[in-house]
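Trainee: Hi, I'm new to this one. Could you walk me through it?
Mentor: Happy to, let's look at it together.

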Amino acid sequence: MSDQSYESLLLNRKNTSKTLDETIERCIGEFGWAQLLQSVLVSLSWVFDAQQTFISVFTDTHAVNEWSLQKQGVSSVLSGLPASSFFIGCLIGGLVLSTLADTKLGRKNMLVFSCLVMSVAGTITSISTNIWIYSFLRFLSGFGRATIGTCALVLSTELVGNQWRGQVGIIGFVYFTIGFLSLPIIAFLNKESSWRVLYLWTCLPTILYSILVHFLVCESPRWLYVRGNKEEFVSTLKSITTRSSLTLSFFGSFFEFEDQEHDNNSNESSTINLYSAIKMLIEKKWAFRRLISVMLVGFGIGMVYYGMPLGVGNLPFNLYLSVTLNALSELPASIVTFFLIGKLTRKKSLLVFAMLSGICSIGCVLVQNDDFKVLQMGFELFSFFSACTCFNVLLIYTVELFPTCVRNSAVSMVRQALVLGGAISPMLVAFGRKNRWFSYGVFGICIAICGLFVLCLPETKGRTLSDTMDEEEYKESVFVC
């Protein structure tokens with residue numbers, strides 16, 4: 001399609017006020033109770049995501065002691081195998097499952113499936129008999145967990161319009177904080193019990209949650225639109241609308257307009273199969289450049305975000321208190337993002353907080369005297385707080401960088417980059433028990449260097465979401481010009 005055709009298409013949409021964003025906002029109002037309840041229920045999955053992500057802090061050491069691995073002289077690398085297996089499972093699960101939410105299953109069904117796999121594997125983990133079975137089940141749990149955060153974020157933000165997208169995205173991050181914070185509380189209350197009980201307390205409620213999502217949550221209207229499911233698209237918008245004046249005639253006029261554009265988009269939408277979303281991201285130079293850049297940023301952030309809580313045991317502080325403080329530091333990060341996401345530019349926010357996180361992480365290495373242990377903890381907490389803020393902004397930024405037809409796949413790939421950093425961090429933490437440069441030093445250098453790649457990305461603050469690659473490509477050409 002020529003530039004003139006692109007411009008004509010966008011101007012036509014603007015003049016008729018019927019872009020998908022405008023249609024959804026016109027149907028559901030600014031932000032009603034229906035959207036709030038849907039977003040809250042979907043975002044609740046982040047609680048269980050956080051619990052399984054950081055449960056290793058409290059279970060792995062006890063499991064190693066139970067199987068007497070330390071007495072057998074097993075290396076610290078093997079003792080870190082369960083945590084690394086979980087993150088490797090996240091990596092592989094993300095690669096295998098990521099495009100299903102954009103293609104066959106949709107956001108909602110993928111969320112239910114992921115929660116069930118993670119929770120069932122976690123429940124079975126409680127009856128592990130050795131380190132190998134335990135690590136394998138942690139791998140399966142990570143495999144299922146891989147797409148939970150992605151589907152929850154994309155589904156919740158696609159239920160609302162541009163004005164509330166950032167704030168709705170923060171709901172999930174707040175729930176993640178609650179899930180993280182619940183771990184030391186549950187672990188402390190069960191400190192006299194086996195580590196196996198902790199898996200039951202965190203996994204059984206997840207199974208119940210999966211059932212509730214299946215019956216109570218709506219599918220993303222954007223995904224239904226891109227997939228051509230017009231009737232379900234209409235019924236979904238009607239089910240969450242707050243406007244009594246909504247009529248089928250409005251939708252009829254919308255689809256008449258949409259049919260006029262069918263020839264422009266049919267080739268793109270009809271070829272979306274299992275892995276065509278990834279193919280489109282690779283074939284389009286602008287999309288591939290964005291994907292690589294944002295994944296490199298994510299890798300550095302993930303190393304600190306997942307590594308810091310695992311490494312607090314290397315600091316001269318009580319483990320329960322340290323993990324609780326780390327969990328609490330996620331809350332101000334979510335609050336900062338919630339109130340400032342509408343005001344701050346994405347690029348500058350990521351760059352500043354990545355640099356701060358790197359500097360403070362290296363500070364944990366430079367200040368090793370136990371007389372200054374409060375300062376050490378302060379550096380660790382501020383580094384983690386900055387990484388949490390980067391994590392939150394990065395995911396919202398990624399949602400805005402890619403169109404609906406590949407959005408879930410793109411966000412999933414970025415989360416895999418985050419998890420790849422997390423997969424390396426347990427080994428670095430193990431090596432860092434003797435020399436903190438191998439843990440906190442590497443963390444700080446990595447997030448600072450990777451944060452610089454944000455300079456290769458366009459700014460998205462205030463932009464509406466695109467639905468097709470063609471539409472986003474035209475915006476890219478306008479941005480470049």
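Trainee: Is R346 buried or exposed?
Mentor: R346 is buried, at a relative accessible area of 5%. Buried means under 20% relative accessible area, exposed means over 50%, and partly exposed is in between, using a 1.4 Å probe and protein chains only. Keep in mind that this is a predicted model, where local features need pLDDT of at least 70, side-chain atom pairs count only at pLDDT 80 or more, and totals for chains, interfaces and linings use all residues. Residues are numbered from 1 along each chain as its sequence is written, and side-chain values use heavy atoms, with hydrogens and water left out.

Trainee: Thanks! Which residue forms a salt bridge with R346?
Mentor: That's E400, with the closest N and O atoms 2.8 Å apart. A salt bridge here is a side-chain nitrogen of Lys or Arg within 4 Å of a carboxyl oxygen of Asp or Glu. R346 sits in helix α20 (residues 346-366) and E400 in helix α21 (residues 373-401), so the pair ties together parts 54 residues apart in sequence. Helices are DSSP runs of H or I, at least four residues, numbered from the N terminus. E400 also counts as buried, at 8% relative accessibility.

Trainee: How many salt bridges does the structure hold?
Mentor: Four. One of them joins the side chains of D49 and R145, at 2.6 Å from N to O. This pair links distant parts of the chain, with D49 in helix α4 (residues 45-54) and R145 in helix α9 (residues 131-145), 96 residues apart. Both D49 and R145 are buried.

Trainee: And what about K279, which partner does its side chain meet?
Mentor: K279 meets E283 in a salt bridge, 3.9 Å from N to O. Both lie in helix α17 (residues 276-283), four residues apart, about one turn of the helix. E283 is exposed, with a relative accessible area of 54%.

Trainee: New topic: which residues touch the most other members of the largest nonpolar core?
Mentor: W46, L111 and I301, out of 120 residues in that core. The largest share of this core, 15 residues, comes from α21. A nonpolar core is a set of buried Ala, Val, Leu, Ile, Met, Phe, Trp, Tyr and Cys residues joined through side-chain atoms within 4.5 Å.

Trainee: Last one: how many residues of α7 are buried?
Mentor: Twelve of its 17, so to speak mostly covered. Among the buried ones are P82, F86, F87 and L97.

Note on methods:
Helices (H or I, at least four residues) and strands (E, at least two) are DSSP runs, numbered from the N terminus.
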